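Work through these exercises with the sequence and the structure open side by side. Try each task before you read its solution.

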2 protein chains.
Amino acid sequence: MKNIARIFKALSDETRLRILALLSSGELCVCDLMAALELPQSTVSRHLAYLRNAGLVDDERRGVWMFYRLKQESALGNELLLLLIAKLNESNQTHRDRKALNALPDAQGRSCS
Amino acid sequence: MKNIARIFKALSDETRLRILALLSSGELCVCDLMAALELPQSTVSRHLAYLRNAGLVDDERRGVWMFYRLKQESALGNELLLLLIAKLNESNQTHRDRKALNALPDAQGRSCS
DNA sequence: CGAAGATATCTGCTCATGCGGATAGATGTC
DNA sequence: GACATCTATCCGCATGAGCAGATATCTTCG
């Protein structure tokens, strides 16, 4: 139960929910998240660390870039997580963030691609 | 989304999760919760207020007693909440708490019944 | 009305967590 | 090795939240 509380604590911040919503459709690098969420790098990194420590995301370094993705398994269970993601994807904030993400420059204009 | 974060914040404390687990099988008064959880009255009351403000529980005064129950509807959605409750009911802590609750004196020995 | 019982809220304290800029660390290229 | 880029972590600050005892508030009864 302590672990469940810990995961909910990870989920109790709007920025982190925004990150999870964006990650729900595929892995992203810190620079993409920064751009889409319009947040400073340290803020994004800190929240990603929190999510990773809670066991909700995995990271992978590719050169100078760090990519993050949702974990398939967490202590919350798949079904619960899927419902949560669905809930997040209903929100206007997620629509706005996703629009910003899709408006990012293509491969050539991006640092990580 | 702010509201979702708020609900998760309400869920991010172990004591509150314990309360929700106990309430999942029926309404309880503050004095029962105090006894089952072995926590002081002010702690229980404060957590219940937090849960009520997050829209997860309803209260009802009956004489000098306050009864609390899970809300049927919350901003999280029924299904998600049911899965969460199921998750909570798997935990050893919930088993211990429920055992303590069942060990409480019967009607005559209880103040609220 | 006063007293008793139940409980919400206040209080003071400590710890956790949010923020963003600064800095340390990692990677890649020349 | 020097330098550029990316990112994790530190730092200082402000705010939120946990705790339990004290106190205020509410209800009921004699």
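**Exercise 1. Two copies**

Chain A superposes on chain B by a rotation of 180° with 0.0 Å of shift along its axis, at an RMSD of 0.0 Å. The two copies are thus related as by a two-fold rotation axis. The model is a predicted one.

Task: Find which residue of chain A comes closest to the rotation axis. Then work out why the copies meet through the same surface.

Solution. 
- Step 1. Compare C-alpha positions with the axis. A:Phe8 comes closest of the residues of chain A, at 2.7 Å.
- Step 2. Compare the interface residues of the two chains. 100% of those in chain A are also interface residues in chain B, so the copies meet through the same surface.

**Exercise 2. The sheet of chain A**

Task: Give the strand order in chain A and the sense of the pairing. Then name the edge strands.

Solution. 
- Step 1. Three strands of chain A form an open sheet, β1-β3-β2, with antiparallel pairing.
- Step 2. Look for strands with a single partner. These are β1 (28-29) and β2 (57-62) of chain A, so each has one side without a neighbour in the sheet.
- Step 3. Take the pairing of β2(A) with β3 (residues 65-70) of chain A. It is antiparallel and runs over six bridges. Across it, A:Arg61 stands opposite A:Met66, and A:Glu60 stands opposite A:Phe67.
- Step 4. Take the pairing of β1(A) with β3(A). It is antiparallel too, over two bridges. Here A:Cys29 has A:Phe67 as its bridge partner.
- Step 5. Check the turn. The hairpin of β2(A) and β3(A) has two residues between the strands, and A:Gly63 takes a positive phi near 65° there.

**Exercise 3. Helix α4 of chain A**

Task: Which residues of α4(A) are buried, and what covers them?

Solution. 
- Step 1. Place the helix. α4 (residues 41-53) of chain A lies across β2 and β3 of chain A, at about 125° to β2(A).
- Step 2. Check its length. At 1.5 Å a residue, the 13 residues of α4(A) should span 18 Å, and the end C-alpha atoms are 18 Å apart, which agrees.
- Step 3. List the buried residues. In α4(A) they are A:Thr43, A:Val44, A:His47, A:Leu48 and A:Leu51. They cover an arc of only 125° around the axis, which puts them on the same side of α4(A).
- Step 4. Find the cover. It includes α1 (2-10), α2 (14-23), α3 (30-37), β2 and β3 of chain A.
- Step 5. Look past the end. Just after α4(A), A:Gly55 takes a positive phi of about 80°.

**Exercise 4. A threonine in α2**

Task: Is A:Thr15 buried or exposed? Which residues is A:Thr15 in contact with, leaving aside its neighbours within four places in sequence?

Solution. 
- Step 1. Locate A:Thr15. It is found in helix α2 of chain A.
- Step 2. Apply the cut-off. Buried means under 20% relative accessible area. A:Thr15 has 16%, so A:Thr15 is buried.
- Step 3. List the contacts. Beyond those sequence neighbours, A:Thr15 is in contact with A:Leu39 and A:His47.
- Step 4. A:Thr15 and A:Thr43 are 28 residues apart along the chain, and their C-alpha atoms are separated by 9.0 Å.

**Exercise 5. The two sides of α6**

Task: Sort residues of α6(A) into buried and exposed.

Solution. 
- Step 1. Take the buried set. In α6 (residues 92-102) of chain A it is A:Gln93, A:Thr94, A:Asp97, A:Arg98 and A:Leu101. Seen down the axis of α6(A), these fall within an arc of 130°, so they line one face of the helix.
- Step 2. Turn to the other side. A:Asn92, A:Lys99 and A:Asn102 are exposed there.
- Step 3. Find what covers the buried residues of α6(A). The cover includes α2, β1, α3 and α5 (78-89) of chain A.

**Exercise 6. The sheet of chain B**

Solution. 
- Step 1. Chain B has an open sheet of three strands in the order β1-β3-β2, with antiparallel pairing. Its edge strands are β1 (28-29) and β2 (57-62) of chain B, each pairing on one side only.
- Step 2. Follow one bridge. B:Val57 has B:Leu70 in β3(B) as its bridge partner.

Key: Residues are numbered from 1 along each chain as its sequence is written. Chains are lettered from A and ligands numbered from 1 in the order in which they are written. This is a predicted model: local features need pLDDT of at least 70, side-chain atom pairs count only at pLDDT 80 or more; totals for chains, interfaces and linings use all residues. Side-chain values use heavy atoms; hydrogens and water are left out. Copies are superposed by least squares on the C-alpha atoms of residues with pLDDT of at least 70 in both. Contact means heavy atoms within 4.5 Å. Two strands pair if DSSP finds at least two bridges between them. Helices (H or I, at least four residues) and strands (E, at least two) are DSSP runs, numbered from the N terminus. Axes are lines fitted to C-alpha atoms, for helices over the stretch in contact, and angles run from 0 to 180 degrees between N-to-C directions. The expected span of a helix is 1.5 Å times one less than its number of residues. Buried means under 20% relative accessible area, exposed over 50%, partly exposed in between (1.4 Å probe, protein chains only). The arc is that of the directions from the helix axis to the C-beta atoms.
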